[in-house]
Each structure stands twice: as structure tokens, then as C-alpha cells.
Amino acid sequence: MTTQKEQIGQATFTATDDPAAGATVQPEMHQEPQHEEDVPKDEMHIPHPSADELFDCTIIGGGPTGLYAAFYAGMREMSVKIIDSLAELGGQVSALYPEKHIFDVAGFAKVLGKELVAECIEQGLQFGPTVCLGEKVEHLEKHEDGTFTLQTDRGQHRTKTIIIAAGVGAFTPRKLPDMDHIDALEGKSLYYFVKSFEPFRDQRVLIVGGGDSAMDWAMALEPLAKSVTLIHRRDRWRAHDSSVSKVLNSAVNVHTFHEVKSVEHDGERVSAVTIFDNRSNHELPLAIDQIILSLGFIANIGPIKEWNLEIEKGGVKVDSTMQTNIPGIFAAGDIARYVGKLNLIATGFGEAATAANYAKTHIDPSAKAFPGHSSDKEV
Ligand code: FAD
């Protein structure tokens with residue numbers, strides 16, 4: 001079992017293959033398949049099984065690669081499900097660098113991470129895949145008829161093919177150490193992502209963290225919350241200087257060298273948080289209604305390594321069709337390994353297209369791998 005700090009660009013996260021690391025924390029979100037009226041392709045016949053039925057293609061990972069695979073598999077008229085352990089789509093881009101510009105995605109001279117994710121989501125979900133968020137895939141079972149069951153921490157998913165687009169592993173938000181008792185507050189008065197500002201209106205909010213997300217949320221909530229306090233355990237920030245100076249010049253109460261000592265709650269709501277100065281141990285009690293933890297992520301590839309897939313350099317070995325050593329299981333994006341592999345969004349997109357088109361031929365051997373040109377279709 002290995003656990004180590006990984007650095008990708010300026011982002012640091014902890015990578016581990018400990019299957020027990022980082023329990024899923026956000027509430028499950030199932031987006032039921034959108035039906036005919038939402039799928040603007042009149043002549044297409046995409047089956048839409050209900051969530052627990054057999055899907056043509058299940059994509060593990062909703063990062064850029066998984067979303068593009070969902071688009072392609074949808075265009076090939078496959079029923080598609082995306083499962084991601086995070087509460088948000090977008091993979092590393094959403095979790096680690098939504099505010100950074102990306103310069104090497106074809107078709108965009110320059111694009112913000114969060115804008116690229118928004119485009120990938122619009123494209124990837126246009127054929128109405130089922131999306132299961134906050135759900136970590138843990139076990140794989142292969143059946144005699146060639147289909148698979150994926151077991152997650154929340155249930156089972158049946159599928160004819162799998163595209164593993166799991167990047168550097170399942171992302172889960174990092175929690176406060178030795179504070180399991182606050183898990184019960186998740187989604188009520190403890191958050192790891194801010195998806196809606198409403199729960200924070202007129203509330204006393206504590207944000208823990210020193211990265212861009214912490215700064216962005218502090219600035220966004222400052223006008224509508226009763227108060228916003230931001231604490232960080234150092235005086236060096238991971239966030240951009242411009243974001244930090246905005247926060248320092250706002251009404252946000254900033255305490256550097258401070259950490260959470262204890263949280264008082266009734267099992268539903270937080271009432272108070274005591275923070276302490278990690279240099280002097282001086283404690284400061286705060287009346288707090290809502291806590292946002294923005295402490296980074298743990299990436300856990302652990303479970304996938306136990307599925308009898310051929311593992312190479314920490315990833316999943318594939319052939320030139322992106323198929324793994326198990327027929328019907330494909331891999332694409334950062335998790336896929338082959339000679340000459342580059343871990344880039346651009347290569348992930350190409351691999352996703354290949355994986356989805358060969359997944360189509362796996363379930364329908366009479367289908368051509370080449371999809372035809374989308375410009376020839378009414379897409
Ligand atoms: P990811 O984005 O990692 O998404 C994988 C998803 O799968 C995650 O959401 C994860 O939670 C989920 N997952 C994994 N395992 C499971 C499981 N068992 N169950 C459920 N869900 C699971 N690339 C570029 O091309 N250009 C750049 O400028 C660039 N800049 C970068 C800057 C930074 C700071 C970082 C960190 C990376 C950068 N990259 C860049 C790399 C790029 O982000 C990755 O190559 C890309 O995100 C890979 O996409 P992916 O979809 O394969 O994997």
C-alpha cells in the first residue's frame with residue numbers, strides 16, 4: 001500500500017492505493033436519463049434503461065475524458081452511464097484548477113478550466129446519459145454472458161462495456177483529521193463544494209483552506225452571508241495572489257496559522273467552532289452555522305488495481321483500440337498506459353473517441369468502428 005504526495009503542475013494532492021482511504025462524502029446524485037424531448041437527434045435510437053438496468057456503456061470518471069467518451073458513445077447510439085466519486089463533473093480540472101487558463105486544448109486559443117468543463121458537460125451530456133455522482137466504483141464482477149456488474153459504495157450498476165476514464169484515481173475531498181463525528185453534518189452544515197449559495201445566506205460561515213476555491217467561495221459568500229471567516233494553517237497561500245489580495249481587502253475575517261480544534265453540533269447543525277493558533281496554541285471560539293472545508297483531494301486508484309487488469313506504471317495497459325486485457329473493458333485518459341503515452345487533455349479526448357467506438361463494436365460486431373463524420377449527421 002503506498003501513499004505519496006503528487007505534484008501535477010502547481011497542484012499538489014495525495015495519491016494512495018489504500019482502498020479504505022477517503023470515503024465518499026457528498027450526497028449521491030443520479031441524473032435520470034433525459035428522454036426523447038431532451039435528445040435533439042430525431043433520427044437516433046438511443047436506449048434509455050432505468051438506472052438499475054443493463055447499460056451499453058458505463059464510464060468510470062466524469063473528467064474531460066469521461067465526458068468526451070459519453071458524447072461519442074451517445075453519438076454511437078449506446079445507452080451511457082457516467083459514475084464519479086466527486087460531487088461535480090470535470091475531474092482534475094474542476095477539482096484542482098478551475099480558475100487556471102489552459103492553452104493546449106484544440107479549438108481554444110485559451111480557456112479557463114471551469115469554462116472548458118462547462119463545454120465538455122454540454123457536449124458530453126447531450127445524448128442524455130445517466131450521471132451518478134458522489135459514488136465510488138469499488139468492485140468489478142464479470143459474468144459468463146460477457147456483461148459486468150460494477151459495485152460502488154452505494155449500489156450496483158450493470159453494463160455491457162466499461163470505459164475506465166479514472167484519471168489518477170477516485171477523487172475524494174480531504175477531511176479534518178480525527179473528526180469523524182462531523183460526517184453526519186455533510187450536506188447540512190458541512191460542505192466540500194459550494195454548488196449553491198442559498199444555504200449560506202445570512203449564515204455565519206467558516207471556510208478552511210488557502211487555495212483558489214477557498215478564496216472564490218469567500219468572495220462569493222461575503223455579500224450574502226452574515227459573516228465569513230477564512231482560516232489557513234500557514235501564511236503562504238496556494239491561491240493566486242490576486243484572489244488572496246481581494247479576500248484580504250474584503251470584509252472576510254482571515255486568520256492565518258489557524259486550524260480547527262473542535263466543532264460543536266447537534267448532529268444536524270453546527271453551533272460553534274473553536275480554532276487555535278498553531279504557533280501559540282491560543283484558542284478562539286467562533287459562533288458558526290456553516291463550515292466549508294476546502295482542503296484539497298485524495299486520489300485513490302486502489303480498487304481498480306484489484307480487478308485483474310494488466311497494470312503498467314500505475315495505470316491500466318491498453319492496446320491500440322484502448323481495450324484492456326479484459327474484452328469489453330476499455331481505458332482512456334490519464335489512467336491509460338501504452339508506449340508513448342502523454343497525460344494531456346488532448347490525448348484523452350482522442351483515446352475517448354477510440355474507446356467509445358470500439359466499445360460499440362464490442363456490443364455490436366456488425367457495427368463499424370469508424371463512426372462516420374459528425375458533420376454528416378444531424379448532430
Ligand atoms: P481526471 O480529470 O483525473 O478525471 C477522472 C475522474 O474519475 C475523477 O473525477 C475521479 O474522481 C473519477 N474516478 C476515478 N476513479 C473512480 C472510481 N473508482 N469511482 C468513481 N470515480 C472515479 N492537461 C493539459 O492538457 N493541459 C493543461 O494545461 C493542463 N494543466 C493542468 C494543470 C494542473 C494543475 C493539473 C493538476 C493537471 C493539468 N493537466 C493539463 C492535466 C489534465 O488535467 C489531465 O490530463 C486530465 O484532467 C485527465 O482527464 P481524465 O478525464 O483522464 O482524468
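Modeller: Helix α4 (residues 212-221) packs against helix α5 (residues 241-248) at an angle of about 35°, and their axes lie 9 Å apart. Helices here are DSSP runs of H or I with at least four residues, strands are runs of E with at least two, and both are numbered from the N terminus. The axes are lines fitted to C-alpha atoms, for helices over the stretch in contact, and angles run from 0 to 180 degrees between N-to-C directions. The crossing of α4 and α5 is left-handed. On the α4 side the contact is made by Asp212, Met215, Asp216, Ala218 and Met219, and on the α5 side by Ser243, Val244, Lys246 and Val247. These residues divide into 5 nonpolar, 1 polar and 3 charged. Residues are in contact if their C-beta atoms, placed from the backbone, lie within 7 Å. A crossing is left-handed if the near helix is turned anticlockwise from the far one by less than a right angle, and right-handed if clockwise.

This is a predicted model, in which local features need pLDDT of at least 70 and side-chain atom pairs count only at pLDDT 80 or more, while totals for chains, interfaces and linings use all residues. Residues are numbered from 1 along each chain as its sequence is written.

From α1 the contact takes Pro64, Thr65, Tyr68, Ala69, Tyr72 and Ala73, and residues from α6 include Ile345, Phe349, Glu351 and Ala359. By class, this contact has 12 nonpolar, 3 polar and 1 charged residues. Ala, Val, Leu, Ile, Met, Phe, Trp, Tyr, Cys and Pro count as nonpolar, Asp, Glu, Lys and Arg as charged, and the others, Gly among them, as polar.

The ligand has 40 residues around it, of which Gly61, Gly63, Gly91, Gly167 and Gly333 come nearest. A residue is near if its C-beta atom, placed from the backbone, lies within 6 Å. Helices α1 (64-75) and α6 (345-363) are among the elements that give two or more residues to this shell. The largest share, 4 residues, comes from α2. The shell has 21 nonpolar, 15 polar and 4 charged residues.

Now the strands. An open sheet of 5 strands runs in the order β13-β20-β14-β15-β16, with parallel pairing. Its edge strands, β13 (190-191) and β16 (253-256), each pair on one side only. Two strands pair if DSSP finds at least two bridges between them. β13 is joined to β20 (residues 290-293) by 2 bridges, and Leu190 stands opposite Ile291 in β20.

Strands β17 (residues 258-265) and β18 (residues 270-277) pair antiparallel over 7 bridges. They form a hairpin with 4 residues between them, and Gly267 in the turn has a positive phi of about 95°. A further 5 bridges join β18 to β19 (residues 283-287), again antiparallel. That hairpin has 5 residues between its strands, and Asn281 in the turn has a positive phi of about 65°.

pLDDT is the predictor's confidence in each residue, from 0 to 100. It stays under 50 over residues 22-30, which have 31 contacts beyond four places in sequence. The pLDDT is also under 50 over residues 32-40, with 14 such contacts.

Definitions and conventions. Two residues are in contact if their C-beta atoms, placed from the backbone, lie within 7 Å.
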